[in-house]
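Hello,

Here is the structure I promised to pass on. Please have a look at it first, and then read my notes below.

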Amino acid sequence: MAQGKCPYCKKEFESDDGFCPHCGWYLKQEPLSSEKLPEDREIEEARIFLALSSHEKYKIEKASTTLGRDMGDIVVRDDLELSRLHCEFVYKEHQMHVKDLDSHNGVFIGDRRIPPQEEIPLQAGDKMKIGSNIYTLEFKSDIGTGEEMGSVYYLKAAQDDKEYQLRLGENLVGRGEFCHVRIDDAAYVAHEHAVIELREDASKLGLIIVKVQDKGSKNQTLVNGVAISPYKWRELDEGDEIRFADREYTLVSKPRT
């Protein structure tokens, strides 16, 4: 039997369980600290919520926030489809992620079940089925998130004029099932080909900065006909032409209505 001391209730125990036998704390979580992390301060400013269709909202206040039926930072006891500790929301590198903690019924983004123990990036407006409920990720920043103000940015396909709306934060581009811009009918596009990031300019309220980064794809990402270096950000302007392998798109914006 392993012996340890719970970082939450401070009681000692002898157990190989992943949970404290006294208070139920998930022992794989990072130890508690009285000093706020930079991520914690960012979350306070962004005001991030999990919203239910019943208009009930749960505020996410820490860089690591767990949800479950019997334990966690967010406890939903009346949902019998939730596991004791179901999933974790992780905020790092200015991005919110969700991780299924080997739950029985899984976590779904849209109609796709995410792999257990993998951190899947989320964007404002994403809908997740966790247990029997549908949760929507909301950002309610005091300075705006780009979801409520300014222009809306799209990638417009040269092939068929199809438009993909880009969200604030990271937009993964590729053939993979969790890509926000999913090009699943293009054999030369990588599973995770590139990422397009939208960020607010801290110096100019309402101005959005758009950048692209190739994720080491075999067939490259080109901006206005020039291949960009992998894993290095390249800032984009409206009207720029971006090519992922053999698929070409134009960055366009429209006034928010």
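Arg 69 is partly exposed, with a relative accessible area of 23%; here buried means under 20% relative accessible area, exposed over 50% and partly exposed in between (1.4 Å probe, protein chains only). Arg 69 forms a salt bridge with Asp 70, and their closest N and O atoms are 3.4 Å apart. By a salt bridge I mean a side-chain nitrogen of Lys or Arg within 4 Å of a carboxyl oxygen of Asp or Glu. Asp 70 is partly exposed too, at 37%.

Before going on, a word on the source: this is a predicted model, in which local features need pLDDT of at least 70 and side-chain atom pairs count only at pLDDT 80 or more, while totals for chains, interfaces and linings use all residues. Residues are numbered from 1 along each chain as its sequence is written, and side-chain values use heavy atoms, with hydrogens and water left out.

The whole structure has 10 salt bridges. One of them joins the side chains of Lys 129 and Glu 81 (3.9 Å, N to O). Lys 129 lies in strand E12 (residues 127-130) and Glu 81 in the loop between E6 (74-75) and E7, so this pair ties together parts that are 48 residues apart in sequence. Strands (E, at least two residues) and helices (H or I, at least four) are DSSP runs, numbered from the N terminus.

Glu 119 and Lys 92 also meet through their side chains in a salt bridge, at 2.7 Å from N to O. This pair links distant parts of the chain, with Glu 119 in the loop between E10 and E11 and Lys 92 in strand E7, 27 residues apart. Glu 119 is partly exposed at 30%, and Lys 92 at 35%.

Now to strand E8 (residues 95-100): six of its six residues are buried, so E8 is largely enclosed by the rest of the structure. Gln 95, His 97 and Lys 99 point one way, and Met 96, Val 98 and Asp 100 the other. E8 runs antiparallel to E7 (residues 87-92), with six bridges between them; two strands pair if DSSP finds at least two bridges between them.

Finally, six strands form an open antiparallel sheet in the order E4-E3-E13-E12-E9-E10. E4 (57-60) and E10 (112-113) stand at the edges with a single partner strand each, so one side of each is left without a neighbour in the sheet.

Best wishes
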